[in-house]
Amino acid sequence: INTWFYKSFFKTKDKLEWMVVPAIVVCAFVLDLLSAVFLGIGFSTLIFVAAFFRSGVVKYVANGRCIHSTIERPFRMSEWLNEEGDLIQVMCLQNYLFFGNASSVFSYIGASFESNTDAEGSKTNRKPEFLILDLTLVT
């Protein structure tokens, strides 16, 4: 008991993960083994979802002036992209997309595309008009 219970507590970084094993053992003695297995699966699933919800979904956000395509374009198109690159927003997403994460990404996108005007009604800075979502790191 000293090795797997006491010493492992201090070796584990996430104490909530450590609590799953004693909860399974206690549940197995109090109820039955099948209930303990379901309890362990339930706790582990909740810990997994919470860990990925805390880690950000958006890896980085850039505009067309920072990131350039690898496709060779005619001079006029390249010139337009260089001048108007701030109208293009590139958002790289990562990890798992759950309902809460997807909702926060959606609200962030909506806020970034609203027009920004000052008191006189003139535009203070240019807001993006085009969005590129990079989903290569989404699993």
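Is asparagine 95 buried or exposed? Asparagine 95 is buried, with a relative accessible area of 19%, where buried means under 20%, exposed over 50% and partly exposed in between (1.4 Å probe, protein chains only).

## Basis of the values

This is a predicted model, in which local features need pLDDT of at least 70 and side-chain atom pairs count only at pLDDT 80 or more, while totals for chains, interfaces and linings use all residues. Residues are numbered from 1 along each chain as its sequence is written, and side-chain values use heavy atoms, with hydrogens and water left out.

Asparagine 95 lies in strand 2; strands are DSSP runs of E with at least two residues, helices are runs of H or I with at least four, and both are numbered from the N terminus. Most residues other than glycine have a negative phi. Asparagine 95 has a positive phi of about 70 degrees although it is not a glycine.

Lysine 59 belongs to strand 1 (residues 58-63). Lysine 59 is partly exposed, at a relative accessible area of 47%.

## Largest pocket

The largest pocket has a volume of about 330 Å³. On a 1 Å grid over the protein atoms alone, a pocket is an open set of points with protein on both sides within 12 Å along at least five of seven lines, and lining residues have an atom within 4 Å of a point. Grid points are joined across faces, edges and corners, and the volume is the space filled by probe spheres set on the points.

The lining has 14 residues, and Ile67, His68, Ser69, Arg73 and Leu81 lie nearest the centre of the pocket. Helix 4 (75-83), strand 2 (88-95) and strand 3 (130-138) each supply at least two lining residues, and helix 4 gives the most, with 4. By class, the lining divides into 7 nonpolar, 5 polar and 2 charged residues. Here Ala, Val, Leu, Ile, Met, Phe, Trp, Tyr, Cys and Pro count as nonpolar, Asp, Glu, Lys and Arg as charged, and the others, Gly among them, as polar.

## Salt bridge

The count comes to 1 salt bridge (a side-chain nitrogen of Lys or Arg within 4 Å of a carboxyl oxygen of Asp or Glu). Aspartate 86 pairs with arginine 65, their closest N and O atoms being 3.9 Å apart. Aspartate 86 is in the loop between helix 4 and strand 2 and arginine 65 in the loop between strand 1 and helix 4, so the pair ties together parts that are 21 residues apart in sequence. Arginine 65 is partly exposed, with a relative accessible area of 43%.

## Nonpolar surface patch

Trp4, Phe5, Tyr6, Phe10, Val21, Val25, Val26, Phe29, Val30 and Leu31 make a nonpolar surface patch of about 1,100 Å². Patch residues have over 30% relative accessible area and no salt bridge, and nonpolar side chains (Val, Leu, Ile, Met, Phe, Trp, Tyr) are joined within 5 Å. Accessible areas come from the Shrake-Rupley method with a 1.4 Å probe.

Helix 1 (2-11) and helix 2 (15-30) each supply at least two residues of the patch, and helix 2 gives the most, with 5. Valine 25 lies in helix 2 and counts as partly exposed at 31% relative accessibility.

## Buried positions

Isoleucine 47, in helix 3, counts as buried at 13% relative accessibility. The C-alpha atoms of isoleucine 47 and valine 20 are separated by 9.6 Å. Valine 57, in the loop between helix 3 (33-54) and strand 1, is buried at 6%. Valine 57 and valine 138 are 81 residues apart along the chain, with 8.5 Å between their C-alpha atoms.

Note on methods
1 Å grid on protein atoms, 1.4 Å probe; cavity = no way out; pocket = protein on both sides within 12 Å on 5 of 7 lines; lining within 4 Å. Patch = residues over 30% accessible without salt bridge, like charges linked within 9 Å, V, L, I, M, F, W, Y side chains within 5 Å.
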